[in-house]
Amino acid sequence: MNIRKVPIANGITWVEIPEADLRILCGSPEDSIKHLIRRGFVHEAQRDGCTYETGPNAILLSDVSTQDGSFCNVAEFPVLQMLYRQGMIIPGHPNNTGVKPLLIGSETQVRAQLEYIFRGNYGLTTVEEMIEAGASKEEAHDLMRLKLKFAFGAIKPPRDFLESYIIEDEVVCIQNDVCIHRVSVNVFEISYKGETVQVNLNLAPGQSYEPPYHLGYYALKHEYFAIVHSGDGDGWDCNRPSMASIIMYQGRIFLIDAGPNIGNTLKSLGISISEVEGIFLTHSHDDHFAGITTLMRADRPLKFFSTSLVRASALKKLSALVGIQEKEFSNLFDFFNLNAGEWNDIIGLEVMPFASPHPVENTCMMFRAIGEDGYKTYAHMADIVSLTILEGMITDDPNAPGLSQASFDNIKSSYLQAVDIKKIDAGGGLIHGEVADFANDTSHDILLAHRASPWTLEERKIGSGSPFGTSDVLIYGQQEYTYQKAARLLKAYFPNIAPFTLQSLLNGPIVEYNPETLICKEGTITERPILLLRGQVERLSSDTGQNAQLPAGAIIGELSAIENTPLSESYRATSFVTTLQLPAAPFKKFCDDQNIAASIHKFAPVRDFLQQTSIFNNNMTRGILLNMVDTSRPIHLKDGRSINWDTGDGLYLVQKGKVDLVFNGHVKEELSELSFCGESFVLFEVAPIYKAVARGNAVLLRLNPELISKIPIARWKLLETHQRRIDQMVIHSLEHYDTLVWVDDFLIDIPDMDRQHKNLFGLANEVLNKLTTDAPHNSVIQAMDALTKASKDHFAQEESLLTKEVYPDLGIHHGVHVKLMNELYEMGSRLQDGERISNLEFHNFFLSWLVLHILNEDRRYARFIEESSDFLI
């Protein structure tokens, strides 16, 4: 047998071909390298007196950027493992043979990963980017000096140390006669010497990416000001989450960083995503950042606290990962800027970030609150640098890579200032801290974190551990936060409730449930409704076979308690859960007075339908669901009729029948009940490029897109579907790659711009033709130069038009143009360096490069101009 295939975890497979010296990590979701370590595919070895790790030397990427709301391609740590821990880039290392690690996948995903890895390595890469993010010229100059020191003098593109292979629908031979063929989306065949294995990177329905460790369950006590330790490992520790903390302040919950599998962390600690107030982000390396998508699974934007430099660095990396513009994230988070070097007040909790040297923009953070004995302070010092390493960077030359003596002294002073509790990164090496630096630190408690290996005897004398699930209380609470929270949630659930009635409903017992407890069973009657206060509860339906996550503030069994009728679903605790059992008689009287049962019956059919769909089945509060129900209306389509997008924006859910999505005259997707279309109205405020045609008579439910656009979890799911559809309808819609076909669905109905867009297609076809016919390399360069010049001129004329029309998003649109031109320049630079680019890569690059811009951004400004003209008329 030439090929060895081993399933590792959901969405991850190991394929090894020893004779070809090829070891492929197929699928690289968060913590994929930890899965390989746990399964023994990464382990320590020795050769020629050198100790190193084994592991993959190739990564096969998923065709889609997200599945089940999580990143599919998070290759930063697998790439770092290949380059440094295996030694493939280290000078003189026995594994540095001149052969680069391989990055394999579609053009769209390979390009996205290269940009994401680039941003993961360096963050902001120019003085101009730093100034745009809020740094002064002097600060930007000093930051760039330090960044270049970490980068050994030069910021290099990932293609310098990674080899990429583009896999579309044709067989591609990658190395030593090993070939890969995409069979369908996310399904690949890998063949060698007549032997073939198939790898499926799709998650099955109901599946999600899984963590490499089991954390157990913890019941947390809410205090006035406390620190919960939610991670003390690093990016290589297969037994623990990476360094992170949770702040409890006045009963509210804030995260410090969101590393891989943060959803599993919250579940283990009995915290629902709907309970999280916000996140403080220190920096954007994956072991502190890769779980950020979990925080988009709320029905409201969570608060995002960081310095402007850290936020700019994080958004560029996120934008590359997801394939959307940076501005889109303002719909998913509520951003708050923290001023470095000063105390920032966050509802009474004060936080002071200060810059800490690192390859990317990074801050340590100090948090303080005032109690009876004055201020109590916690310092979270993730990804600091050892003072010995930092001292070696000192230089008197103000323009040389490194830092000044004054900067070193300031950083050292910041590291060693005394606080009540200080958690430090003690990972060692070139970019992490050393425990010995804190031997004389006068802080009350030093906590050690961010390392997989055990602490030495001397290190254990300096600091304590911070095991997962343990807490440090700085100010004990003398109040009952549980009933306070219950009052807030009831007011949100019943906005018009009278104060005395609220008190009568609060006069019930607090009941806690262990993990995996069946709280209420389908077919039984609940005497008292149950208000979910903390923890995670799933709703289980026998009719649909679905399960869904309930948000904090949900009431279980309200109709059953009012009307003495059996429950239609079961409810089960998936973590420790805290509830308030609402008193039966006061609740029933309140509901009778307010006619709530009639209201529930009126809204129940549509609400229940919404909760069966993939968009609205998790973490949706009652108020949001009722608002959507209240503004919804049914649409009846007869056989063969299509939705008229001009009659009204909307997200359309199929209630009965079937609907075909048609693009360029071909059926591209068949929708059945609970499916949806019209997502671009929500995401980009423009009509879809496809037609939605009824196959037989159909009934659809039209929802208000403006309401949905404000719900992060819904928006995130719609974005995942939109990207998949565009990929299938446009990028991978052809059976050959020797021509680029213009279709009139690309028209934006501004004649001059449409003419220019068609001209760009023509010039791109000139490039493609020369690549397909293997024309002289110099003629390919000339054709690319012509396309680049025409693109630059087109963008300039487009911006001139938008200036004349006073387009409000012109600045954002210009930023998109800058990014597009940089990508075009990068491809041209590769050609100038003599690199051969396949027709397949260029074909899909151009489609995803220009067409997605036309479909999303240009159609948006065209609609603005049209509506402005209508208004003037």
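About 750 Å³ of space lies in the largest cavity of this predicted model, where a cavity is a set of points, on a 1 Å grid over the protein atoms alone, at which a 1.4 Å probe fits but cannot get out, and where the volume is the space filled by probe spheres set on points that are joined across faces, edges and corners. Its lining, made of residues with an atom within 4 Å of a point, comprises 40 residues, and those closest to the centre are Val322, Gly323, Ile324, Gln723 and Leu852. Helices and strands are taken as DSSP runs, the former of type H or I with at least four residues and the latter of type E with at least two, numbered from the N terminus. On this basis, at least two lining residues each are supplied by helix H3 (107-122), helix H8 (308-322), helix H18 (679-684), helix H20 (712-731), helix H23 (810-832) and helix H24 (839-872), and H20 gives the largest share, with 8 residues. The lining divides into 15 nonpolar, 13 polar and 12 charged residues, with Ala, Val, Leu, Ile, Met, Phe, Trp, Tyr, Cys and Pro counted as nonpolar, Asp, Glu, Lys and Arg as charged, and the others, Gly among them, as polar.

In total, the structure holds 5 cavities of 30 Å³ or more.

Residues are numbered from 1 along each chain as its sequence is written. As the model is predicted, local features need pLDDT of at least 70 and side-chain atom pairs count only at pLDDT 80 or more, whereas totals for chains, interfaces and linings use all residues, and side-chain values use heavy atoms, with hydrogens and water left out.

With a disulfide defined as a pair of cysteine sulfur atoms within 2.5 Å, the count comes to 1 disulfide. This link joins Cys173 to Cys179 with an S to S distance of 2.2 Å, and with 65 degrees about the S-S bond it is right-handed. Solvent exposure was classed by relative accessible area, with buried meaning under 20%, exposed over 50% and partly exposed in between (1.4 Å probe, protein chains only). Of the two partners, Cys173 is exposed at 51%, whereas Cys179 is buried at 10%. Cys520 is buried as well, with a relative accessible area of 6%, and its sulfur is 16 Å from the closest cysteine sulfur, in Cys591, which is too far for a bond. Cys677 also counts as buried, at 0% relative accessibility.

In helix H13 (residues 499-506), the buried residues are Thr501, Leu502, Leu505 and Leu506. Seen down the axis of H13, these residues fall within an arc of 140 degrees and so line one face of the helix, the arc being that of the directions from the helix axis to the C-beta atoms. Phe500 and Gln503, on the other side of H13, are exposed. The cover over the buried residues includes helix H12 (481-493), strand S35 (577-581) and helix H15 (584-594), with contact taken as heavy atoms within 4.5 Å.

Met365, found in strand S23 (residues 363-371), is buried with a relative accessible area of 0%. Not counting residues up to four places away in sequence, Met365 touches Phe280, Leu281, Thr282, Phe305, Leu338, Val351, Met352, Pro353, Tyr378, Ala379 and His380. The C-alpha atoms of Met365 and Met381, which are 16 residues apart along the chain, are separated by 6.5 Å. Trp343, by contrast, lies in the loop between strand S20 (333-337) and strand S21 (344-346) and is partly exposed at 26%.

Positive phi values in residues other than glycine include that of Asn564, near 60 degrees, and that of Asp774, near 55 degrees. Asn564 is found in the loop between helix H14 (558-563) and strand S34 (570-573) and counts as exposed at 56% relative accessibility, while Asp774, in the loop between helix H21 (751-772) and helix H22 (777-804), counts as exposed at 57%.

Note on methods:
On a 1 Å grid over the protein atoms alone, a cavity is a set of points where a 1.4 Å probe fits but cannot get out, and a pocket is an open set with protein on both sides within 12 Å along at least five of seven lines; lining residues have an atom within 4 Å of a point.
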